[in-house]
Amino acid sequence: MQRENKKIGWLEGIIEAVHDGILVIDRDGIVQLINEEYTNITGVKREQIIGKTLVEVRPGAQLPTVLKTGKVMEGVFRKEKGMEYVVDMAPIYENSEIIGAVSICKSIPELYELSKELKKSKQRVNQLEKAVGLIHRARYTFSDIIGGNTHLRKLIHQAKKISTSNLSILITGESGTGKELFAQAIHQESTRNAQPFVPVNCAAIPSALLESELFGYEEGAFTNSKKEGKMGLFELANKGTLFLDEIGDMPLDLQAKLLRVLQEGTFRKIGGLKEQQIDVRIIAATNKDLLNMVQRERFREDLYYRINTVHLPIPSLRQRKDDIPEIVASIIRNQKHIREFQIEEDVINILTEYDWPGNIRELKNTINYAVNMTDNDSITYEHLPETIKVHFLHKKTKTKPPQSLEALIKETERKAIMDTLKETGVSVKGKKEAANKLGISLASLYNKLAKLQINL
């Protein structure tokens, strides 16, 4: 609750700093925030409207319509008790769900005097929407990291100790190990937890656009740029944390600019002349070997040591298989189902033996698949994905060496069939393809599966 109050306080600070009238309602149409400028323009005081439904105080208000339809309304003329003003209104989204709406208003005299500022009001609405949404991005804490593995617990202990510092952190690990989960937990544990946590995937944004996303640009900076310019993620993350995921994919020229920001604590927008001060903590993450990339001159050595002040290597799931039963139980508990599911012990054993190249992400997908495949409350071997089944059967056959020539022939035949099925899959279509590859008929394949007691 204390953290939420800090976040609300941070948002109120933004709204008071904007020289336009601002009003924010929640999903129920109840007024949560207004600034002093709103009172100056409309004459409505804070104590008259906060905590009440907007239509109760302002019967002609159109913001509830925006909340209901999700459509932006711009340049709406309003006149209340002799006050004339123009309002822009927009819904506020979180995870594709409307959680409220915001209105920005200007008095008519101010519109004439500050026409250039009016053009920028759309940008301010977008920035407020983005800021409100990004506050809720850091929702995980260290308590959400499941597992009692010794190495994992030591890593969490280390991460907690450095959370309260301003040191840059490099999180490494395979895809799906939970690098962003650690980053969010560190932010939540830090003194910056009331400020934004802004994530950016350096691999997901085209190189040509990444610079403008990070630093923003001024009006008319380049062809087809927005007339009002754009706020960058560094500016949005000011006083908070910027999470640079997949930093190993950042272009070399942009690495140099990032290094300068980290060293000087200033940045310049594209097309801008003025240096802006910035206070941002950097948490970077990658699944690549950055030191090897440095040696191959694919990553700047000076930047590597700048972001690698603290190194947190997240273990893969196969390195902490003792945590799998607890993780599986947590995944099942978090399922949005009314039923409670039980998972058979032999299934747990199979999951523990598997090496999980996709790590926790793959395990979660496997359990979600199994839950949706079962018709009752029990998860058995038959409910597992085909990839897991084929891998298990293939591994099972390799652990039984033949004892005689006849057994050797059977084992060789079994291995050939299993290897082919692993490639084609065990569906009817896959079996047909496997029979074709083996040079036998589908009926012969079924006979051999029965003879060799291969159960799919």
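Mentor: Start with pairing: two strands pair if DSSP finds at least two bridges between them. Keep in mind that this is a predicted model.

Trainee: What is the strand order in the open sheet of 5 strands?

Mentor: The order is β7-β10-β13-β6-β14, and the pairing is parallel. From one strand to the next, the twist averages 20°.

Trainee: How do you know that β7 and β10 pair?

Mentor: Count the bridges. β7 and strand β10 (residues 241-245) are joined by 5 bridges. The cut-off is at least two, so they pair. Asn-201, for one, has Asp-245 in β10 as its bridge partner.

Trainee: Why are β7 and β14 said to stand at the edges?

Mentor: β7 (197-201) and β14 (310-313) each have a single partner strand, so one side of each lacks a neighbour in the sheet.

Trainee: Which strands does helix α9 lie across?

Mentor: Helix α9 (residues 150-163) lies across β6 (169-172), β13 (281-286) and β14. The angle to β14 is about 150°.

Trainee: Which residues of α11 and α13 meet?

Mentor: From α11, they are Leu-210, Glu-211, Leu-214 and Phe-215. From α13, they are Leu-254, Lys-257 and Val-261. By class, this contact has 5 nonpolar, no polar and 2 charged residues.

Trainee: At what angle do α16 and α17 pack?

Mentor: Helix α16 (residues 324-333) packs against helix α17 (residues 345-353) at about 115°, with the axes 10 Å apart. The crossing is right-handed. Ile-324, Pro-325 and Val-328 of α16 make the contact with Ile-348, Leu-351 and Thr-352 of α17. The classes are 5 nonpolar, 1 polar and no charged.

Trainee: What makes β5 mostly covered?

Mentor: Strand β5 (residues 97-107) has 11 residues, and 9 of them are buried. Buried means under 20% relative accessible area. For the whole protein chain of 456 residues, buried residues make up 46%.

Trainee: How many bridges join β5 to β1, and how many join β5 to β4?

Mentor: Strand β1 (residues 21-26) pairs with β5 over 6 bridges, in the antiparallel sense. Asp-26 has Gly-100 as its bridge partner in β5. Strand β4 (residues 83-94) is joined to β5 by 10 bridges, and these strands also run antiparallel. β4 and β5 form a hairpin with 2 residues between them. In the turn, Asn-95 has a positive phi of about 55°.

Trainee: Last one. Why does Lys-52 count as partly exposed?

Mentor: Lys-52 has 32% relative accessibility. Buried is under 20% and exposed is over 50%. The value lies in between, so Lys-52 counts as partly exposed.

Trainee: Where is Lys-52 placed, and which residues does Lys-52 touch?

Mentor: Lys-52 is in the loop between α3 (46-49) and α4 (54-57). Leaving out residues up to four places away in sequence, Lys-52 touches Gly-29, Ile-30, Val-31, Glu-47 and Val-57. Val-31 is 21 residues from Lys-52 in sequence, yet the C-alpha to C-alpha distance is 5.8 Å.

Conventions
Residues are numbered from 1 along each chain as its sequence is written. This is a predicted model: local features need pLDDT of at least 70, side-chain atom pairs count only at pLDDT 80 or more; totals for chains, interfaces and linings use all residues. Side-chain values use heavy atoms; hydrogens and water are left out. Contact means heavy atoms within 4.5 Å. Helices (H or I, at least four residues) and strands (E, at least two) are DSSP runs, numbered from the N terminus. Ala, Val, Leu, Ile, Met, Phe, Trp, Tyr, Cys and Pro count as nonpolar, Asp, Glu, Lys and Arg as charged, and the others, Gly among them, as polar. Axes are lines fitted to C-alpha atoms, for helices over the stretch in contact, and angles run from 0 to 180 degrees between N-to-C directions. A crossing is left-handed if the near helix is turned anticlockwise from the far one by less than a right angle, and right-handed if clockwise. Buried means under 20% relative accessible area, exposed over 50%, partly exposed in between (1.4 Å probe, protein chains only).
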